Structure formats: structure tokens, C-alpha cells
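Subject: Structure for you to look at

Hello,

I am passing on a structure that you have not worked with before. Please open it first, then read the notes below.

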Amino acid sequence: MTILVTGATGNIGRLMVNHLINLGANDIRALTRDPARAQLPDGVTAITGYLGDPESLPAALDGVESLYLAPLPRTLDVTLDLFKRAGVEYVVALSGAGDWQEHADAISASGLVNTQLGPGEFTDNFTIWSEQIKATHTVRDPYPSVIEAPISMDDIARVAARLLVRPDESHYGKTYPITGPDALTRAQIAEQIGVGIGVDVVFAQCSRADGEAALQPIMGEYARWYLDQIETGLGEPQLANQLVAELTGTPAESVTQWAARNAELFS
């Protein structure tokens, strides 16, 4: 079975390549704009192309039976049409939630057999706190009580790879709101990062303006957008589920485990 990974050198796509190999996939194509810099494992075929350039896709799709679709809304309609013309049999798509509903609806209406993954906050997003933790062991943030169940990008990639390697009709047409194993306040997330890296991390609530100022060195203009998204969670706590374990047989990584695995980012 020929599997195409779009966005194969992005954060999730690159992790997916590794998980596909670990699951025994032996005909993997990796779509990337720069194959020479991709540093893909032996046996993976790097294909020059980009979802944002639909004219580059037909050659990459020739003979592809299933694929992972990274999110790129601006060319989605054309991309989905190309998939259908190429005879792609199954699509696993990262569609997100909230602002991504239109993206998810387009995939559902495409006529392609698909399974969509709709995670919320990525655990990896909390590297935005790394400089604060390095400097002061303190996180300054305006929303200590917002509850999230963050999931690591590695777990997202692991779920997507499993769905592609072992397709099952019971998953067709489904959207899975995969999460990490625990629902935590942002204050608790900061504390759990501390547990993972072996440091007492304190959460200090601050004003919205100060919160934006703390993030701007890392996020620039996106600091305001990011905190806008977090603010919507004040009245909508995210519940944790065990879908990662149900779909892969192995539980999702906790915040503590993720932080321990990435401790060098915080020290």
C-alpha cells in the first residue's frame, strides 16, 4: 500500500514518517518542498511538492492509495478534487476544532473516505513558556483557571499513522477529538511541566496586557491571537478522553512525561 504524507517535514508529518516505518509501512512517499534538506529515513521516497501549489501534486499522487492531509485551507477544495481524480482511497486529515470547522466540513462533503482528527491545544505549544521557566521558574499568564487536555504532536502523529497502516471501516467518516490523558488548568499544566523537568514551577496570574508582553518575544503578533483562543476556554473546559489509547493500544503522553522528554527546552 502506497501512503503519501503531506507536510512531511512539518512537525507532525515528520513524526508520522517515523511511526509509519515502526508500524511496518514499506511504501511511504513524503511530500516536501525541499527533498535535499528533508533528511528522511532510508526507504522513504521524497517527492517535491506542496499543498499550497496544487500543480505540484498530480505526480506525487500517482498510485497513492491513502494519505495524511496536513491542514492548509486556502487550497483545500482544489486539493480534495485532485485526490478524487487520482483515485485516493482513504484520507486521514488533521482538521482541528473551532475555527477549523469549515475545513472539516469540506473534507466530510468531499466524497472521499476519510477519518479526521480534531485535537485541541498541543502540549508542544507550552514551549512558549520555556524562556520564562528558564529565567525565573515562573509562568506569567492571565488565564490560570482555563481547563485543557493538551495532546503531544507525537501522539497525534501516532494515531494518524495507525489509522493509515491499519484501515478499519469502523473509523470511516468519523472525527475524533483526541486529547491528552488529563484535563488540567493552565496553572496545573505549569506545575506538571515543573514535575517533568525536576524544578518547582510557579504560576503567577497577570493582566492580559502583561500576558501578551510575556509571549511577544516568542510569538510576535500571534501572542494576541493565541490568548484570544485561550480566553474562549473560560466557560468551555476541555474534557479529557482516552481515544489515543483506544485507537493505538497505548495511552497518550501526559504533560509530565512530555516535559521530561523535552527537558532540555526548559533548562
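Predicted model: local features only at pLDDT ≥ 70, side-chain atom pairs only at ≥ 80, totals over all residues.

Residues are numbered from 1 along each chain as its sequence is written, and side-chain values use heavy atoms, with hydrogens and water left out.

The whole chain

The protein chain has 12 helices and 11 strands; these are DSSP runs numbered from the N terminus, with helices being H or I of at least four residues and strands E of at least two. Along the principal axes, the C-alpha atoms fill a box of roughly 55 × 35 × 35 Å.

Of the 267 residues, 51% are buried (under 20% relative accessible area; exposed is over 50% and partly exposed is in between, with a 1.4 Å probe and protein chains only). The chain exposes about 12400 Å², and carbon and sulfur atoms supply 48% of that area (Shrake-Rupley method, 1.4 Å probe; for residues, only the protein chains shown count as cover). Among contacts (heavy atoms within 4.5 Å) between residues at least 6 apart in sequence, 71% join residues at least 24 apart.

Strand β2

β2 pairs (at least two DSSP bridges between two strands) with strand β1, residues 3–5, in the parallel sense over 3 bridges. Leu4 has Arg29 of β2 as its bridge partner. β2 also runs parallel to strand β3, residues 45–48, joined by 4 bridges. Here Leu31 stands opposite Ile47.

β1, helix α1 (residues 11–22) and β2 form a right-handed β-α-β unit: with the strands pointing away from the viewer, the path from the first strand over the helix to the second runs clockwise.

Asp81

Asp81 lies in helix α4, residues 76–86. This residue is partly exposed, with a relative accessible area of 31%. Asp81 and Glu121 are 40 residues apart in sequence, and their C-alpha atoms are 30 Å apart in space.

Regards
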